[in-house]
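Hi everyone, thanks for coming along.

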Amino acid sequence: MEHISNLIKKQKQFFATGRTKSVDFRIHNLEILKSIITDNEQSLMEALKKDLNKSEFEAYTTEIGFVLSEISFTLKNIRRWCKPKRVKTALTHFGSKSYVYKEPYGVALIISPWNYPINLALAPLIGAIAAGNCAILKPSELTPATSKLLHELISEYFPSEYIAVIEGDAETSKMLLNEDVDYIFFTGSIQVGKIVMEAAAKHLTPVTLELGGKSPCIVHQDAKIPLAAKRIVWGKLLNAGQTCVAPDYLLVHESIKESLIKEIKLAMIDLYGKNVITNSNYTKIINEKHFKRLNKMMDSTKGVVRLGGACDISTQKIELTLVDEITWNDSTMEEEIFGPILPIITYKELDQLIKEVSSRPKPLALYLFTENNKVSSKIIEEISFGSCCVNDTVYQIANPYLPFGGVGPSGTGAYHGKKSFDEFSHEKSVLKQTTLFDIPLRYPNGKNGLKLIKKIMK
Ligand code: NAD
């Protein structure tokens with residue numbers, strides 16, 4: 001507790017020196033962050049292997065490479081982003097000029113989850129550094145090898161009064177949340193997101209909440225089914241389904257259900273071989289608790305298993321399990337699945353589907369496979385979600401030009417690319433008034449002032 005309080009005090013003092021505000025300082029430290037990753041790529045891969053059995057391919061594409069490309073993108077643009085922006089000024093303010101200045105909040109607390117332990121800790125950190133903040137990172141206790149390595153590397157390359165890692169569980173997290181920091185960036189479950197928001201409310205600290213939920217994947221009757229199947233299997237089995245934006249359940253037009261199931265079976269073999277459990281590149285379920293949770297979900301479903309169903313407790317791996325004939329109140333539909341179980345619900349009418357999805361918590365992501373632009377426009381316009389990908393899954397989050405975040409129960413705020421810089425910056429509005437003349441209209445003693453004001457202001 002004392003260590004945490006002292007650390008925050010030290011960071012606040014360091015921030016007050018103004019050093020982190022210099023753009024050169026930010027660039028220099030982003031380059032340091034880049035070298036932390038490039039110099040230690042192998043150790044990072046090994047930690048991910050130990051914690052999650054992540055293959056080198058997945059570790060690079062979804063974590064290490066992702067963070068490196070976010071740093072490069074930021075380095076390319078940061079000088080432009082930091083400049084005050086001139087904005088228009090209304091006629092009522094004739095003679096003056098208006099600007100938006102970006103300023104760092106101060107000390108940012110970043111709390112991250114276990115499923116992409118490098119990406120979800122370091123991608124927000126890029127935003128925090130780029131915007132000129134100090135930062136404290138609290139990685140997940142469920143990936144001890146990666147969290148320990150992040151702690152060691154960050155302590156080696158950065159002074160703790162600027163950037164520090166505090167390892168620990170929920171209790172440590174709560175202690176950090178008790179402190180008066182200047183910004184909180186939380187990635188994790190909806191349940192803990194509520195705790196974070198409550199803690200932030202005590203100090204009126206601004207927050208970003210990157211949460212989860214059930215992301216639907218709609219496959220319409222005109223979809224290119226083999227391609228849809230391949231992209232669904234890819235997105236669902238990345239990290240063994242333990243991805244916040246994984247397709248959580250399928251909504252399939254009843255006329256194409258059988259052909260989609262057939263193609264999913266083929267895509268599964270094509271991408272992972274006949275036995276995914278023995279595929280050494282297949283990620284494991286994070287721990288026994290989650291392994292049992294997923295098994296319980298498979299046991300209690302009233303649906304019919306059409307593919308998979310097997311699991312191996314010794315390696316904590318579960319096959320892609322496709323469960324057909326699911327109803328909206330099945331056990332698989334109660335909570336975010338966060339594993340390789342894929343329930344199938346069929347629909348006849350789009351309007352009915354839109355009604356059902358819209359009556360549930362707003363999803364973090366929505367996927368739609370269709371060749372019909374009218375269908376995609378209808379879904380995009382009528383359903384609320386954080387992000388959407390038409391004719392693919394998960395891919396939208398890797399485009400730095402698209403903000404990534406949820407809405408309502410799936411999150412507040414967004415990041416990636418410039419949005420990360422914006423998220424960790426406060427926008428200061430500045431009006432620079434002229435002293436060359438003074439328009440008398442707004443003064444109570446101005447002649448005919450109100451008449452003119454009424455004309456201009458309507
Ligand atoms: P979690 O909410 O259990 O934990 C996240 C972090 O919060 C961890 O660092 C943990 O130590 C801390 N924490 C746990 N309990 C706490 C408490 N009571 N008070 C304060 N802090 C606490 O989430 P998780 O299991 O690590 O991750 C899985 C969840 O995260 C899923 O719901 C998933 O959808 C979501 N997620 C969202 C995104 C996104 O970008 N939107 C990304 C990855 C994961």
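By class, the shell around the ligand is made up of 15 nonpolar residues, eight polar ones and six charged ones. Keep in mind, please, that this is a predicted model.

Which residues come nearest? Of the 29 residues around the ligand, those are Lys 138, Glu 141, Ser 189, Leu 211 and Glu 336.

Ser 189 places a polar side-chain atom 2.6 Å from an oxygen atom of the ligand. Leu 211 takes part through its backbone: an N or O atom there is 2.6 Å from a ligand nitrogen atom. With Ser 173, an N or O atom in the side chain lies 2.7 Å from a nitrogen atom of the ligand. On its own, the ligand has 840 Å² of accessible area, and the protein covers 90% of that.

So where does the ligand sit? You'll find it in the largest pocket. H7 gives the most, with four residues.

One last point, on the domains. The ligand lies between domain 1 (2–211 + 413–430) and domain 2 (216–405), because both of them give residues to its shell.

Thanks, and I'm happy to take questions!

Definitions and conventions. Residues are numbered from 1 along each chain as its sequence is written. This is a predicted model: local features need pLDDT of at least 70, side-chain atom pairs count only at pLDDT 80 or more; totals for chains, interfaces and linings use all residues. Side-chain values use heavy atoms; hydrogens and water are left out. A residue is near a molecule or strand if one of its heavy atoms lies within 4 Å of it. A polar contact is a pair of N or O atoms within 3.5 Å; within protein, one must be able to donate a hydrogen and the other to accept it, and residues adjacent in sequence count only if both atoms are side-chain atoms. Accessible areas come from the Shrake-Rupley method with a 1.4 Å probe; for residues, only the protein chains shown count as cover. On a 1 Å grid over the protein atoms alone, a cavity is a set of points where a 1.4 Å probe fits but cannot get out, and a pocket is an open set with protein on both sides within 12 Å along at least five of seven lines; lining residues have an atom within 4 Å of a point. A molecule sits in a cavity or pocket if more than half of its atoms lie within 2 Å of its grid points. Helices (H or I, at least four residues) and strands (E, at least two) are DSSP runs, numbered from the N terminus. Ala, Val, Leu, Ile, Met, Phe, Trp, Tyr, Cys and Pro count as nonpolar, Asp, Glu, Lys and Arg as charged, and the others, Gly among them, as polar. Domain bounds come from an automatic or database domain assignment.
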